[in-house]
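The exercises below are meant for a reader who is opening this structure for the first time. Each one sets a task and then works through a solution step by step.

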Amino acid sequence: MDKNFDDLSWLWQRSFVKWAALGSVACAILVFIATLPFIIKPLHESEVIVYVPLTILSQQLNQQGIGFASDREIDWYIQILKSNQLTDSLIKKYDLFSYFKIDSSGFASKNQLYRKMETRIIIEKTRYGSVSKRVRDNDPKRAADMANEVIVLGEVIKRNLLSPNRQESMRYVTSLFNQKATDVARLEKSLDSLMESPPGAKKDYLYNKILTLYNLEFQELISRKSIYEREQKNFDTPLPMAYVISSAVPKSQVISPRRGLLMAAGIGIYLVVLLVFEIIRRDNRKTA
């Protein structure tokens with residue numbers, strides 16, 4: 001085995017310690033200068049934490065309006081927040097093409113901006129069942145504003161997505177109720193006509209037959225009216241909004257670049273290189 005590895009006393013020699021100390025200080029200073037704000041713009045992060053509500057109103061009513069969504073609904077909500085539709089709204093409101101200095105007329109400019117936004121907006125489900133939305137930006141106030149705006153836009157998109165189906169469901173229930181009301185009204189008219197006709201066995205038979213059918217249809221009308229009124233009430237009730245547990249606020253803490261970590265990494269790399277260089281130099285001197 002090489003004596004350089006057996007005898008490491010040279011590590012404590014004054015010359016090696018001096019170069020290690022001077023080089024470490026120099027590396028730390030260089031990294032510090034290279035990460036100054038006017039060279040690398042610092043990134044700030046703001047976070048919003050929300051709980052997703054139930055979107056099924058009947059279940060919301062059973063839980064007095066405070067129901068929380070299942071894992072499946074949470075995943076659906078996260079997909080809304082990660083959608084291009086929401087990103088497009090942020091791009092338009094904050095003029096992100098100009099902010100990131102991307103030519104909007106370029107063929108892949110939209111895709112380029114989407115990739116950029118993916119690194120700036122982090123949305124994930126926490127272990128407590130809530131949803132965390134973190135936005136990173138060079139301006140701490142802008143990061144907080146965008147994080148809070150994500151919640152607002154998410155609610156708008158959710159309403160727009162569910163509105164057509166809710167309207168179609170309401171139209172269907174209304175048509176069923178109106179159709180049955182028409183049938184009952186026609187039977188009522190038939191019964192009134194029979195009441196005015198001359199008495200006879202045929203009249204009594206037809207009257208009883210239509211009356212039985214009328215009673216059945218009227219019961220069905222009452223049932224459909226109950227469904228119609230419930231659906232109308234649900235349709236008129238606004239969709240439950242996300243429960244905001246913690247709103248985003250501007251933070252002075254910088255998450256990138258992590259100057260201390262970079263300085264430590266720079267010093268570590270320098271010391272490793274210095275150590276390897278010294279070992280090689282001593283080997284060459286021995287074989288010379």
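**Exercise 1. Two loop residues**

In which loop does Asp 95 lie? Work out as well whether Asp 95 is buried, partly exposed or exposed, and then treat Lys 101 in the same way.

Solution. Keep in mind throughout that this is a predicted model.

Step 1: Asp 95 belongs to the loop that runs between α5 and α6, the latter covering 96-99.

Step 2: The phi angle of Asp 95 is near 50°, which is a positive value in a residue other than glycine.

Step 3: The relative accessible area of Asp 95 is 43%, so this residue is partly exposed.

Step 4: Lys 101 sits in the loop between α6 and α7, and its phi, near 55°, is likewise a positive value in a residue other than glycine.

Step 5: Because its relative accessibility is 73%, Lys 101 counts as exposed.

**Exercise 2. Two pairs of packed helices**

Describe how α4 packs with α8 and how α5 packs with α7, and say which residues make each contact.

Solution. Two packed helices are described by the angle between their axes and the distance between the axes.

Step 1: For helix α4 (residues 71-81) and helix α8 (residues 140-196), the axes come within 9 Å and the crossing angle is roughly 110°.

Step 2: Angles of 65 to 115 degrees count as roughly perpendicular, and α4 and α8 are therefore roughly perpendicular to each other.

Step 3: On the α4 side the contact is made by Trp 76, Tyr 77, Ile 80 and Leu 81, which meet residues of α8 that include Val 150, Ile 151, Gly 154, Glu 155 and Lys 158. Sorted by class, the contact of α4 with α8 has 9 nonpolar, 1 polar and 2 charged residues.

Step 4: Helix α5 (residues 84-94) and helix α7 (residues 109-120) have axes 11 Å apart and pack at an angle of about 95°, which makes α5 roughly perpendicular to α7.

Step 5: Here Asn 84, Thr 87, Asp 88, Leu 90 and Ile 91 of α5 meet Lys 110, Leu 113, Tyr 114 and Met 117 of α7. By class, the contact of α5 with α7 has 5 nonpolar, 2 polar and 2 charged residues.

**Exercise 3. The strands around β3**

Which strands are joined to β3 by bridges, and how do they run? Find also how many of the residues of β3 are buried.

Solution.

Step 1: Strand β2 (residues 121-125) is joined to strand β3 (residues 131-137) by 5 bridges, and the two run antiparallel. Within this pairing, Ile 121 stands opposite Val 135, while the bridge partner of Ile 122 is Arg 134.

Step 2: The hairpin of β2 and β3 has 5 residues between the strands, and in it Gly 129 takes a positive phi near 90°.

Step 3: Strand β1 (residues 43-51) is joined to β3 by 7 bridges, and these strands also run antiparallel. Val 50 stands opposite Val 131 in β3.

Step 4: As for burial, β3 is mostly covered, since 6 of its 7 residues are buried.

**Exercise 4. Stacked aromatic rings**

How many aromatic pairs does a search of the whole structure find? Describe the pair of Phe 177 and Tyr 228, and then the pair of Tyr 214 and Phe 218.

Solution.

Step 1: The search finds 3 aromatic pairs.

Step 2: Phe 177 and Tyr 228 are stacked, with 5.2 Å centre to centre and 10° between the planes. Phe 177 lies in helix α8 and Tyr 228 in helix α9 (residues 201-236), so the pair ties together parts that are 51 residues apart in sequence.

Step 3: Phe 177 counts as buried because its relative accessibility is 17%, whereas Tyr 228, with a relative accessible area of 23%, is partly exposed.

Step 4: Tyr 214 and Phe 218 are also stacked, at 5.9 Å centre to centre and 20° between the planes. Both residues lie in helix α9, 4 residues apart, which is about one turn of the helix.

Step 5: Tyr 214, with a relative accessible area of 15%, is buried, but Phe 218, at 33% relative accessibility, counts as partly exposed.

Note on methods
Residues are numbered from 1 along each chain as its sequence is written. This is a predicted model: local features need pLDDT of at least 70, side-chain atom pairs count only at pLDDT 80 or more; totals for chains, interfaces and linings use all residues. Side-chain values use heavy atoms; hydrogens and water are left out. Axes are lines fitted to C-alpha atoms, for helices over the stretch in contact, and angles run from 0 to 180 degrees between N-to-C directions. Angles under 35 degrees count as roughly parallel, over 145 as roughly antiparallel, 65 to 115 as roughly perpendicular and the rest as oblique. Contact means heavy atoms within 4.5 Å. Ala, Val, Leu, Ile, Met, Phe, Trp, Tyr, Cys and Pro count as nonpolar, Asp, Glu, Lys and Arg as charged, and the others, Gly among them, as polar. Two strands pair if DSSP finds at least two bridges between them. Rings of Phe, Tyr and Trp (its six-membered ring) pair if their centres lie within 6.5 Å; planes under 30 degrees apart count as stacked, over 60 as edge-to-face and the rest as tilted. Buried means under 20% relative accessible area, exposed over 50%, partly exposed in between (1.4 Å probe, protein chains only).
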